[in-house]
Amino acid sequence: MFEQSISTLAQKLRNKDISSVELTRHFLARIAKLDPQLNSYITVSEQRALEQAAAADTLLQNGKGSSLTGIPIAHKDLFCTQGTLTTCGSKMLNNFIPPYESTVTSRFQQAGAVMLGKTNMDEFAMGSSNENSFYGAVKNPWNLDMVPGGSSGGSAAAVAAGLAVAATGTDTGGSIRQPASFCGITGLKPTYGRVSRFGMIAYASSLDQGGPMAKSAEDCAHLMQAMAGFDDKDSTSAEQAVDDYVANLNAPLTGLKIGLPKEYFGEGLDSAVADVIMTAVKEFEKLGATVKEISLPNLQLSIPSYYVIAPSEASSNLSRFDGVRFGHRCDDPKDLLDMYMRSRAEGFGTEVQKRIMVGTYALSEGYYDAYYLKAQKIRRLIKEDFVKALEEVDVIMGPVAPTTAFGLGSKTSDPVAMYLEDIYTLSVNLAGIPAMSVPAGFANGMPVGLQVMGNYFAEAKLLNVAHQYQQHTDWHLQTPTMAKGA
Amino acid sequence: MNWEVVIGLEIHTQLSTKSKLFSGAAVGFGAEPNTQTTLVDLGMPGALPVFNKEALRMAVMFGHAINAEIGMTSVFARKNYFYPDLPKGYQTSQMDHPIVGKGYLDVMLEDGTTSRVGITRAHLEEDAGKSLHEDFQGMTGIDLNRSSTPLLEIVSEPDIRSAKEAVAYVKMIHSIVTYLGICDGNMAEGSMRCDINLSLRPKGQKEYGTRTEIKNVNSFRFIEKAIYTEIERQADILEDGGRIVQETRLYDPEKNETRSMRSKEDANDYRYFPCPDLLPVVLTQEYVDDIKATLPELPSQKAVRFQSEHALSEYDANVLSSSRAMADFFENANNVAKDAKLTANWVMGELSKLLNQEQLDIENSPVSAEAFGELLVRIKDNTINGKTAKDVLQAMWNGEGSADAIIDAKGLKQVTDTGAIEAMIQTILDANTAQVEQYRAADEDKQKKMIGFFVGQVMKASQGKANPGIVNPILIKMLKG
């Protein structure tokens with residue numbers, strides 16, 4: 001049952017072949033049995049889930065509700081959930097129970113979805129391996145010695161292992177796409193501004209974007225339908241009509257113009273990964289698409305640009321964690337400065353402290369022009385590259401990451417190697433365009449994600465492209481062995 | 001040494017919007033701590049600011065009033081520093097792209113001359129909360145009601161050369177923002193606070209001296225006193241051959257001294273950068289023009305109108321237009337009295353005297369403008385004379401009723417019946433034969449001095465009700481015999 005799609009489950013719920021309470025119990029039981037191996041959840045909200053499931057059953061009995069009513073999903077532990085612990089993967093928020101609900105989770109509530117719990121993540125969404133969590137590393141369901149990717153590693157692992165029908169994630173520099181790629185699931189980072197950031201604990205405000213993580217593009221379309229849309233509580237959310245993502249899935253791909261940026265296939269790309277991507281591209285040609293090589297010349301600059309802008313914003317966004325009003329406060333502070341310093345030194349992990357320091361430095365007087373302003377200039381160049389390329393092609397394809405999932409602990413001592421993991425994903429956030437990770441095969445025994453990038457607000461096109469591919473391939477239907485053990 | 005003082009002012013004006021700059025919480029003074037707050041004002045994780053468009057409109061109004069360039073694209077920036085009553089760890093303000101650019105004000109000084117003070121910029125920013133150091137036994141309480149209250153910070157050029165000029169400038173800003181209705185002007189509640197940048201240089205020198213900044217001075221009187229005190233302190237140091245330390249100082253009104261808060265070396269690096277949670281504010285010309293078209297009459301315009309429409313002197317017109325409440329009182333009273341000069345004299349004279357005695361603002365006058373106008377009508381139509389009118393005004397002030405009611409009840413109606421006045425005068429002349437003899441024997445100059453005695457006697461006998469304009473000629477005639 002855990003392998004079934006949202007539309008199949010929705011049909012069963014509507015036909016009363018199964019109740020939402022039964023479905024929810026099924027997933028809660030799977031979490032209890034399998035999650036000790038994965039550590040994909042920080043909080044399992046059993047009571048809230050069963051209450052929501054019972055409410056969903058009532059709705060369904062009255063013939064009401066949406067395609068998500070009664071469907072058990074999980075939320076990245078960065079979306080504030082009223083009355084349910086929200087940690088952002090940090091000791092700093094080990095005691096933080098928000099008195100409010102994020103827009104994204106509240107839209108899922110309104111759609112009748114059931115929240116199973118809150119998934120593990122890199123602390124404050126800073127990381128590419130999910131090893132930076134105060135609540136411990138998450139394991140990859142395909143190989144428990146491997147990382148699931150990050151920062152939405154808990155959501156990716158939970159969906160891949162069938163511990164939730166689908167999940168939410170957030171993507172600041174690849175945090176939905178890279179773990180989706182590593183865990184063999186489908187993930188979408190929407191256009192910046194498409195999904196409200198209200199109630200999402202900010203890492204880098206100009207880059208952060210919530211999105212769906214699920215087994216298929218079709219499931220992602222159902223999630224997006226609920227998540228997307230203008231929110232007057234988020235000034236950066238777009239006042240743009242929301243497409244019908246589900247209805248658009250079946251458009252044929254004949255005449256689709258695909259661009260392959262040569263910079264995505266250069267040095268550093270694992271050749272086994274490259275083979276998987278090229279095979280996938282050939283599949284699209286069979287479906288009627290044409291392929292041409294394009295160039296995104298400033299790709300290499302995305303890493304330095306991102307690692308100035310994101311930490312700069314983070315250094316400011318994370319200032320509110322000062323021990324004064326919520327979150328961790330050190331014991332027996334001797335004065336104000338001591339309280340600030342010890343609360344933050346104790347509450348934040350190493351990677352977070354590192355990025356706060358980098359960002360503080362980059363914004364400092366005398367360095368601001370050389371770092372922050374320059375990074376913003378590069379950001380504009382990167383955006384222009386995409387805008388130009390997307391005048392010639394409908395979508396851009398390439399790998400999500402240069403490698404498949406790597407071993408736990410293998411890169412923790414080499415932060416630069418870890419940052420290079422993000423080379424193919426960062427530029428999308430800097431430009432603000434939408435992009436997906438679509439399961440396209442295996443290399444080195446681990447899943448490989450194909451990245452599909454599109455124009456601003458072209459989520460419907462991306463989901464359509466991915467769905468058509470999934471109608472002709474079964475990579476997204478593969479299940480890790482460990483998931484079958486329950 | 002002959003020192004020249006150089007002053008620049010930063011005035012924080014609290015805008016009188018209903019809700020806060022970035023949240024829907026109500027703005028208000030004196031509420032229970034932390035009751036006027038939302039997630040945004042509390043700096044909760046995941047909370048996001050939403051810009052209050054009313055504050056924008058008010059800032060643009062102010063820009064027009066000081067002849068400024070309006071920032072067609074303004075950008076909010078974060079000013080980062082840690083303080084317990086700054087919940088987000090940064091203040092959202094404007095740095096490189098303020099909403100109001102360069103402008104100026106022509107300030108009228110006490111001697112009647114005007115001087116032009118340049119205004120560098122005015123920008124929107126949010127206020128912080130308050131730290132409460134009493135009642136918490138070794139701890140500090142935090143009240144975030146004020147957090148995110150909208151402020152317009154008005155930054156002047158270092159164009160001001162005296163304490164009097166500084167006060168005149170602040171009063172003018174005060175008058176403009178209250179005229180525009182964008183600030184309640186209540187300085188005691190902190191609706192206007194002033195930072196004073198002050199340095200001295202030898203007269204004739206071009207370069208500025210090292211300056212100090214006196215923070216948060218919140219009354220006209222304290223601004224003046226703080227400036228005098230700081231001039232004296234700096235002059236003493238310089239004359240002893242010392243150096244001024246660039247620092248932030250605090251004015252203590254009780255001791256009338258300034259003292260050091262922090263020096264430049266301890267100053268924060270605020271790490272300003274554009275706030276990524278707020279989009280740049282882009283205005284259309286139409287929006288800016290519409291606001292200009294609906295701008296209320298400003299003090300300087302009103303003063304000109306008072307001169308042309310009511311034939312008032314420049315001085316009277318300036319005094320009466322100096323505050324919107326004063327101008328409104330004058331115009332409303334005059335609408336009833338229909339005598340601008342008389343109204344002006346009485347508003348600036350007797351009414352102001354009573355207000356000063358009780359330290360009341362004109363908007364809190366117990367006598368309304370209309371009631372005041374009715375009193376003036378009775379002076380104009382000779383029902384009472386000026387002296388009686390003062391007593392009637394005092395009675396009105398005490399809440400004894402309208403002018404007519406008081407005149408009736410106390411029988412204060414002026415005696416204008418010449419027969420009655422002649423009889424009264426005759427009685428007085430008969431009772432003072434010695435003085436009458438002296439008068440008749442005196443020359444014209446002496447007579448003029450002596451007449452006052454007889455007028456006084458008549459007024460006393462009539463209990464002040466005799467009309468002096470009628471008494472005088474009759475008295476002179478009868479004294480001649």
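**Entry 1: overall size of chain B.** The box filled by the C-alpha atoms of chain B, along the principal axes, is roughly 95 × 55 × 55 Å.

**A note on the model.** I remind myself that this is a predicted model, in which local features need pLDDT of at least 70 and side-chain atom pairs count only at pLDDT 80 or more, while totals for chains, interfaces and linings use all residues. Residues are numbered from 1 along each chain as its sequence is written, and chains are lettered from A and ligands numbered from 1 in the order in which they are written.

Entry 2: I counted 39% of the 481 residues of chain B as buried. Buried here means 20 or more other C-beta atoms within 10 Å of the residue's own, exposed means 12 or fewer, and partly exposed is in between, with C-beta atoms placed from the backbone. For contacts I used C-beta atoms, placed from the backbone, that lie within 7 Å. In chain B, 69% of the contacts with a separation of 6 or more come from residues 24 or more positions apart.

**Entry 3: chain A.** I then turned to chain A, which has 16 helices and eleven strands. Helices (H or I, at least four residues) and strands (E, at least two) are DSSP runs, numbered from the N terminus. The radius of gyration of chain A is 21 Å, close to the 23 Å from the globule rule for 486 residues, so chain A is as compact as a globular protein of that length. Its C-alpha box along the principal axes is roughly 65 × 50 × 45 Å. Of the 486 residues in chain A, 61% are buried. Among its contacts between residues at least 6 apart in sequence, 76% join residues at least 24 apart.

**Entry 4: a cis peptide.** In chain A I found a cis peptide bond between Gly150(A) and Ser151(A), with omega about 10°. Ser151(A) sits in the loop between β3 (114–119) and α5 (153–160) of chain A.

**Entry 5: the contact between the chains.** How many residues does each chain give to the contact? I listed 31 residues from chain A and 25 from chain B. The chain B side has 16 nonpolar, four polar and five charged residues. Ala, Val, Leu, Ile, Met, Phe, Trp, Tyr, Cys and Pro count as nonpolar, Asp, Glu, Lys and Arg as charged, and the others, Gly among them, as polar.

**Entry 6: a three-strand sheet in chain B.** Chain B has 15 helices and 15 strands. I picked out an open, antiparallel sheet of three strands in the order β4-β3-β14. Why is one side of β4 and of β14 left without a neighbour in the sheet? Both β4 (90–94) and β14 (273–274) of chain B stand at the edges, each with a single partner strand, so each has one side without a neighbour there. Strands pair if DSSP finds at least two bridges between them. Five bridges join β3(B) to β4(B), and Lys79(B) stands opposite Gln91(B) in β4(B). Four of the five residues of β4(B) are buried, so β4(B) is largely enclosed by the rest of the structure.

**Entry 7: a hairpin and two asparagines.** I followed β12 (residues 247–252) and β13 (residues 257–263) of chain B, an antiparallel pair over six bridges. Glu247(B) has Ser263(B) as its bridge partner in β13(B). The hairpin has four residues between the strands, and Asn256(B) takes a positive phi near 50°. Asn34(B) also has a positive phi, about 60°, although it is not a glycine; with 16 C-beta neighbours inside 10 Å, Asn34(B) counts as partly exposed. Asn216(B), with a positive phi of about 55°, lies in strand β11 (residues 212–217) of chain B.

Technical notes: Contact = placed C-beta atoms within 7 Å. Rg over C-alpha atoms; globule rule 2.2 N^0.38 Å.
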